[in-house]
Amino acid sequence: MNAPDSLAHSDVAYQFHSYTNAQRLREEGPCIMAQGEGIYVRDTEGKQYIEGMAGLWSVAVGFSEPRLAQAAYRQMQNLPFYHTFSQKSNVPSIELAEKLISLTDGSMAQAFFTNSGSEANDTIVKMVWYYNNALGRPEKKKIIARHRGYHGVTVASASLTGLAGNHRSFDLPLPQMRHVRCPHLYREGLPGETEAAFGDRLAAELEALILAEGPDTVAAFIGEPVMGAGGVIVPPHAYWPKMQAVCRKYDVLVIADEVITGFGRTGHLFASGLFGIEPDFMTLSKQLTSSYMPLAAVLMNKRVADVLVRHSGELGTFGHGYTASGHPVAAAVALENIRIIEERGLVGNAAVSGAVLQRRLHALADHPLVGEVRGVGLIAAVELVADKVGHTPFDPVGEVGALLVRQAQGNGLILRGIQDSLAFCPPLIITEAQVNTLADRFEQSLDEVTRAL
Ligand code: PMP
């Protein structure tokens with residue numbers, strides 16, 4: 001418990017936390033953040049940390065960008081709220097939709113806005129169902145996702161998420177959802193298997209599943225170009241084109257969930273371009289506003305949009321939308337955030353600072369506890385193992401990872417432990433010198449934990 005007692009007690013008493021062991025929160029109390037500046041945050045005791053996860057993979061421009069505050073204030077003074085129901089609109093949401101489509105070079109045609117990535121993926125599930133109903137294919141409804149994939153926590157998006165903790169005790173997944181193998185060569189590869197052979201095998205497994213289910217029942221395939229919350233899994237380069245070819249063969253829509261990878265995280269504006277994905281839908285959020293405001297976008301290509309437009313005409317409406325869809329304050333903040341990303345060359349910076357991050361972390365590959373180092377641009381993970389040769393995980397899984405997260409936090413570095421993988425995803429503004437400080441703090445923490453074990 002780092003916080004003033006009364007605040008901590010109130011937090012434990014009155015707030016039910018996201019993704020928290022509520023019992024342990026009662027025993028140990030919260031770490032309450034009070035301020036942010038650049039890549040740093042400061043808690044209520046005054047201790048400063050490098051936010052090595054950019055909050056939740058999201059604060060691209062850092063924690064103290066005045067232009068985003070001003071953009072929100074200006075929009076609140078002009079028009080604090082207006083919706084997009086029943087043929088109404090507002091200026092920032094129009095400008096943002098046009099901007100997002102232009103950033104995809106026109107490969108996407110229209111944008112639909114939600115508050116969160118989860119709602120965006122739920123919206124895509126409903127759009128996929130609506131699309132196939134419009135085309136007179138009421139059986140074509142199943143959606144295939146991947147084990148260890150993360151797509152959110154609402155009922156449909158949690159069903160797409162391929163993590164046991166999001167299903168267990170929640171009566172999920174929904175019966176329409178299926179999961180295929182995670183493209184992680186280190187954990188899922190056969191002895192001696194090449195990246196190319198691994199890609200072939202996963203595409204063959206996808207095809208076998210589609211055939212077993214019946215191609216007339218499979219509507220879409222969803223994946224993050226690079227998996228985030230599942231442990232930062234960078235697929236082999238051969239993977240996406242092969243998976244996509246199988247989808248095209250059976251008229252299965254491709255959904256690229258770029259909630260983490262969008263807006264430069266990998267050193268490319270969108271990771272779909274990097275991996276050769278030509279999606280029918282894209283999900284964007286997080287770095288869209290640097291998380292200063294809750295906002296997500298569903299982008300769809302012309303093929304999909306034309307069908308949805310026609311079917312809404314036949315039915316009399318598109319019966320879906322949120323009070324805050326296209327919220328003008330969130331959209332104004334997103335527009336300013338994208339301007340900053342462009343003006344400051346933050347996509348290029350993710351490539352440059354990212355190269356330093358990857359080099360520093362790969363230098364730890366020979367460390368006795370390090371099984372695998374992986375990543376691209378400014379997203380990375382270091383996986384710890386009990387035995388390097390056999391890739392043997394620790395037993396129980398996650399304890400050493402949690403220990404290292406706590407040690408790093410003590411050393412002024414916030415990371416995320418995903419089982420025994422430590423995830424890195426700092427703000428896109430991070431400099432090369434700051435990456436070196438981050439890596440120094442990590443190395444020190446790793447050595448301290450190694451000595452303690
Ligand atoms: N998709 C991906 C790839 C994500 O990483 C996340 C959030 N971590 C989501 C969807 C869900 O977004 P939200 O938490 O805003 O609902």
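Reader: How many residue pairs are in polar contact across the interface of domain 1 and domain 2?

Author: A polar contact is a pair of N or O atoms within 3.5 Å; within protein, one atom must be able to donate a hydrogen and the other to accept it, and residues adjacent in sequence count only if both atoms are side-chain atoms. By that rule, 16 residue pairs are in polar contact across the interface of domain 1 and domain 2, with both residues at pLDDT 80 or more.

Reader: Which elements make up the side of domain 1 that touches domain 2?

Author: Helices (H or I, at least four residues) and strands (E, at least two) are DSSP runs, numbered from the N terminus. At least two residues each come from α3 (54–57), α14 (346–362), β11 (370–376), β12 (379–384) and β14 (416–418). The most is given by β11, with five residues. By class, this side of domain 1 has 23 nonpolar, seven polar and four charged residues. Here Ala, Val, Leu, Ile, Met, Phe, Trp, Tyr, Cys and Pro count as nonpolar, Asp, Glu, Lys and Arg as charged, and the others, Gly among them, as polar.

Reader: What are the numbering and the confidence limits?

Author: This is a predicted model, in which local features need pLDDT of at least 70 and side-chain atom pairs count only at pLDDT 80 or more, while totals for chains, interfaces and linings use all residues. Residues are numbered from 1 along each chain as its sequence is written, and side-chain values use heavy atoms, with hydrogens and water left out.

Reader: Where do the two domains lie in the chain?

Author: Domain bounds come from an automatic or database domain assignment. Domain 1 covers 31–61 + 345–452, and domain 2 covers 68–343. Their C-alpha centres are 27 Å apart.

Reader: What is the area buried between domain 1 and domain 2?

Author: The size of an interface is often given as the accessible area lost when the parts come together. Buried area is that loss (1.4 Å probe), summed over both parts. Between domain 1 and domain 2 it is about 2,600 Å², and carbon and sulfur atoms give 61% of this. Trp 57, Val 61 and Val 347 supply 23% of the area that domain 1 buries against domain 2, more than any other three residues. In contacts (heavy atoms within 4.5 Å), 34 residues of domain 1 meet 32 residues of domain 2.

Reader: How many salt bridges are counted between domain 1 and domain 2?

Author: Side chains of opposite charge can pair when their charged atoms come close. The rule asks for a side-chain nitrogen of Lys or Arg within 4 Å of a carboxyl oxygen of Asp or Glu. The structure holds 24 salt bridges, and the count between the two domains is one. Separately, Arg 187 pairs with Glu 383, the closest N and O atoms being 2.9 Å apart.

Reader: Is Asp 280 buried or exposed?

Author: Asp 280 is buried, with a relative accessible area of 2%. Its side chain meets that of Arg 248 in a salt bridge (3.0 Å, N to O).

Note on methods
Buried area is the accessible area (1.4 Å probe) that two parts lose on being put together, summed over both. Buried means under 20% relative accessible area, exposed over 50%, partly exposed in between (1.4 Å probe, protein chains only).
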